[in-house]
Amino acid sequence: MRLFFALWPPESVAQALAGQADALVRHYGGKATRKETIHLTLAFLGEVDETLLPATIQAAQVVRGRSFALTIDRLGYWRHNRLLWAGCSSPAEELQILVENLREQLRAVSILCDEKQRFTPHLTLVRKVPDRRGAVGLAAIEPITWLCTSFVLVCSRLASAGSEYSAVAEFSLADG
Ligand code: 2AM
């Protein structure tokens with residue numbers, strides 16, 4: 001099974017970001033992320049044998065994260081994978097601590113996640129942006145703040161309409 005840990009936005013935030021994604025597609029082209037699949041990945045595990053699911057869940061249960069407010073206030077474009085994304089100009093320290101803590105707990109039970117790139121908090125809004133246009137003149141966005149009180153372990157399946165995600169387990173973050 002293909003697994004990753006993520007922060008999942010509440011409906012109102014997903015709605016605002018989906019509107020943003022549609023506006024970006026009108027301007028730059030590409031394929032908007034569907035509202036119900038917009039998320040912020042904390043750790044991408046990739047293909048994991050089903051027998052390791054209990055250990056994966058237990059590792060996340062040990063994580064002692066604190067809740068925090070996440071303010072999404074910037075757009076970015078990555079040319080190498082042609083993604084337009086929304087992110088944070090000054091991410092809460094608790095987010096970085098959560099990611100480090102989670103990855104450490106996974107490592108402790110030999111569950112590896114993709115750590116090739118430095119963690120850059122982002123929510124992918126548009127994929128397959130036509131190359132020439134993506135990098136030009138990204139407008140600022142109206143800041144959206146969301147109180148993150150939990151994170152989720154998600155199973156991803158490739159379907160004809162794109163990836164389909166289902167939450168396998170949810171983990172609470174303590175009051176900040
Ligand atoms: P992306 O939005 O930047 O593509 C499910 O695929 C989630 O895991 C996506 O949010 C994706 O980020 C993220 N992810 C991180 N590393 C990945 C990898 N090596 N392969 C596929 N997805 C990855």
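Guide: Helices (H or I, at least four residues) and strands (E, at least two) are taken here as DSSP runs, numbered from the N terminus. Read along the sequence, the protein chain then gives the pattern β-α-β-β-α-β-β-β-α-β-α-β-β-β, with 4 helices and 10 strands. This is a predicted model, in which local features need pLDDT of at least 70 and side-chain atom pairs count only at pLDDT 80 or more, while totals for chains, interfaces and linings use all residues. Residues are numbered from 1 along each chain as its sequence is written, and side-chain values use heavy atoms, with hydrogens and water left out.

The part to examine is helix α3, residues 93-108. Buried means under 20% relative accessible area, exposed over 50%, and partly exposed in between (1.4 Å probe, protein chains only); in α3 the buried residues are L95, L98, V99, N101, L102, R103 and L106. With contact meaning heavy atoms within 4.5 Å, these buried residues pack against the strands β1 (2-7), β3 (40-47), β4 (68-72) and β9 (150-159), and against helix α2 (53-62). Just after α3, S110 adopts a positive phi of about 60 degrees.

For the whole protein chain, 43% of the 176 residues count as buried, and among contacts between residues at least 6 apart in sequence, 79% join residues at least 24 apart.

Note on methods. The expected span of a helix is 1.5 Å times one less than its number of residues.
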